[in-house]
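The sequence and structure come first.

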There are 2 protein chains.
Amino acid sequence: VHAFIPIGIVHSTLQSLEQCPLQESEEAPEAWVEIFPEFIAACKEIHHGAHLILLTWLHQADRRVLVTHPRNDPTTPLTGVFMTRSPDRPNPIGIHIVTVLDIQNNRFLVSNLEVLNETPILDIKPVIHPLLNL
Amino acid sequence: VHAFIPIGIVHSTLQSLEQCPLQESEEAPEAWVEIFPEFIAACKEIHHGAHLILLTWLHQADRRVLVTHPRNDPTTPLTGVFMTRSPDRPNPIGIHIVTVLDIQNNRFLVSNLEVLNETPILDIKPVIHPLLNL
């Protein structure tokens, strides 16, 4: 068994799963990403306008789910969660492409982040090429 | 503290860090991804040619590293690991875009996977649009 240490936490207006837009929506709100003090050094060179990949721990997910109907639509074929973006999966890690809109002390504001308030953050990586999201 | 359960493991010819190509290289080898029996159901609908995002646990990384010289080049500016793709970071999660080349029982062959042999796999997600890697 391997253990994660959250490096930060999300502060969002999204307070419940019912408020979360589905994957393809582009209506996710802005959110503040708070970095815990011991990891602030690892943010050196993060700047306004940076394109980042946030990896989060979707803490309200159901880790027992192995198959699902994509988009919660019972008419879609039953599909393994590894071929879906469902948050319910054995290790509920979220991948989010965001842009830094503001930076204040140990927190930064990002665009379009579809996770619940208080979601732990596991890792941050740069998007190497914004158009390719690599 | 959150714990994850490996859902599979990588079988690769890459046996040591010295053999690993750097990020931008496209010379990473093919590798077999073995899914552990209890998670095979979650692979339903994974097919030959599927474009997948593999999330791995880079088990040989140094989790204490917070800043680094990108590309191990001492002439580059010291940068927070969250603005680099260095494997050394607090939670060493690797993101890899691969294509399924073959499927045999509980394992599948993928293209271009730059991780060491026996790297644990945390999650698999579909690439929703191959050109965007979303």
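Buried area is the accessible area, taken with a 1.4 Å probe, that two parts lose on being put together, summed over both. By that definition, about 4,700 Å² is buried between chain B and chain A, and carbon and sulfur atoms give 65% of this area. The model is predicted: local features need pLDDT of at least 70, side-chain atom pairs count only at pLDDT 80 or more, and totals for chains, interfaces and linings use all residues. Residues are numbered from 1 along each chain as its sequence is written, chains are lettered from A and ligands numbered from 1 in the order in which they are written, and side-chain values use heavy atoms, with hydrogens and water left out.

- The same surface serves both copies, as 100% of the contact residues of chain B recur in chain A (contact means heavy atoms within 4.5 Å).

**Interface make-up**

- Chain B and chain A each bring 50 residues to the contact.
- On the chain B side, B:His2, B:Phe82 and B:Met83 lose the most area to chain A, together 18% of what that side buries.
- Between the two chains, 20 residue pairs are in polar contact, both residues being at pLDDT 80 or more (N or O atoms within 3.5 Å, one able to donate a hydrogen and the other to accept it within protein; residues adjacent in sequence count only if both atoms are side-chain atoms).
- Strand 9 of chain B gives the largest share of the side that touches chain A, six residues (strands are DSSP runs of E, at least two residues, numbered from the N terminus).

**Strand pairing across the interface**

- Strand 1 (residues 2-4) of chain A and strand 1 of chain B run antiparallel and are joined by three bridges (strands pair if DSSP finds at least two bridges between them).
- A:Phe4 stands opposite B:His2 in strand 1 of chain B.

**Salt bridges**

- Over all chains there are ten salt bridges (a side-chain nitrogen of Lys or Arg within 4 Å of a carboxyl oxygen of Asp or Glu).
- Two salt bridges cross the interface of chain B and chain A.
- A:Asp123 pairs with B:Arg89 in a salt bridge, with the closest N and O atoms 2.5 Å apart.
- Within chain A, A:Arg107 forms a salt bridge with A:Glu34 at 3.6 Å between the closest N and O atoms.
- That pair links distant parts of the chain, with A:Arg107 in strand 8 (residues 107-110) and A:Glu34 in strand 3 (residues 31-35), 73 residues apart.

Conventions:
Helices (H or I, at least four residues) and strands (E, at least two) are DSSP runs, numbered from the N terminus.
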